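This report describes selected features of one protein structure. Please examine the sequence and the model before reading on.

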Amino acid sequence: MNYGYIRVSTDKQTIENQRFEINNFCQRQNIKIDGWIEETISGTKAYSKRELGKLLKKVKKDDLIICAELSRLGRNLFMIMEILNICMSKECKVWTIKDNYRLGDDIQSKVLAFAFGLSAEIERNLISQRTREALARKRAEGVVLGRPKGRKSSKVKLSGKEQVILELRKQGVTKIELGRMFKVNRMTIDKFIREHIKPNTCVQIA
């Protein structure tokens, strides 16, 4: 199966330019698109929460995903590498038009797959290490982490943790990881940051 993947960040952008590029490319290469995946969503959103995630679950060996450029897959290198690594593990090909990128079954792709997987593992370990170090430092300073006993409200869980959350965010810990850490969902973390942490004091990490 050959899939055309199109993503725009806002409804003010148009998918037509990307569709035009992919169709022109396929005509030149004599490729037929069997299915289109189109979505209007930020590339910082986890791919598992996007239509792309559904596509990655169903692709099989020798399937082909074509997109205008690698940045359509995600907004940061770590996410893109993780997506490409999934495709390699499923022996699914990924081609981009503007970047002229080809991920297939050749030796170069296999080397890249190893590099992608290793880089992703290193990045996860670094995030985990930064998180542990930040938490250990806060404990040493006498900051109580986690949910207060007998209190179940999400706001109570995070109350008094503003500085901890701010520092963890500055060190690259995502909102999803913070949610797991404090046992709340990502939306609760997002709302707490907006309501209790001053703008421009926290880096913009999804």
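## Paired strands

In this predicted model, strand β1 (residues 2-8) and strand β2 pair in the parallel sense, over six bridges. Within this pairing, I6 stands opposite E38 in β2.

In a regular strand, the side chains alternate between the two faces of the sheet.

## The aromatic pair

A pair of aromatic rings is described by the distance of the centres and the angle of the planes. A search of the whole structure finds one aromatic pair. The ring centres of F25 and W95 are 6.3 Å apart and the planes stand at 90°, so the pair is edge-to-face.

F25 belongs to helix α1 (residues 16-29) and W95 to strand β4 (residues 93-96); the pair therefore ties together parts that are 70 residues apart in sequence. F25 has a relative accessible area of 4% and is buried, because buried means under 20%.

## Two loop residues with positive phi

N30 is not a glycine, yet it has a positive phi of about 55°. N30 lies in the loop between α1 and β2 and, at 72% relative accessibility, counts as exposed.

E91 is not a glycine either, and its phi is positive at about 60°. E91 is located in the loop between α3 (77-89) and β4. With 44% relative accessibility, E91 counts as partly exposed.

Conventions: Residues numbered from 1 in each chain as written. Predicted model: local features only at pLDDT ≥ 70, side-chain atom pairs only at ≥ 80, totals over all residues. Heavy atoms only, no water. Phe/Tyr/Trp six-rings, centres within 6.5 Å; stacked < 30°, edge-to-face > 60°. Helix = DSSP H or I, 4+ residues; strand = E, 2+ residues; numbered from the N terminus. Buried < 20%, exposed > 50% of the residue type's maximum accessible area, 1.4 Å probe, protein only. Pairing = 2+ DSSP bridges.
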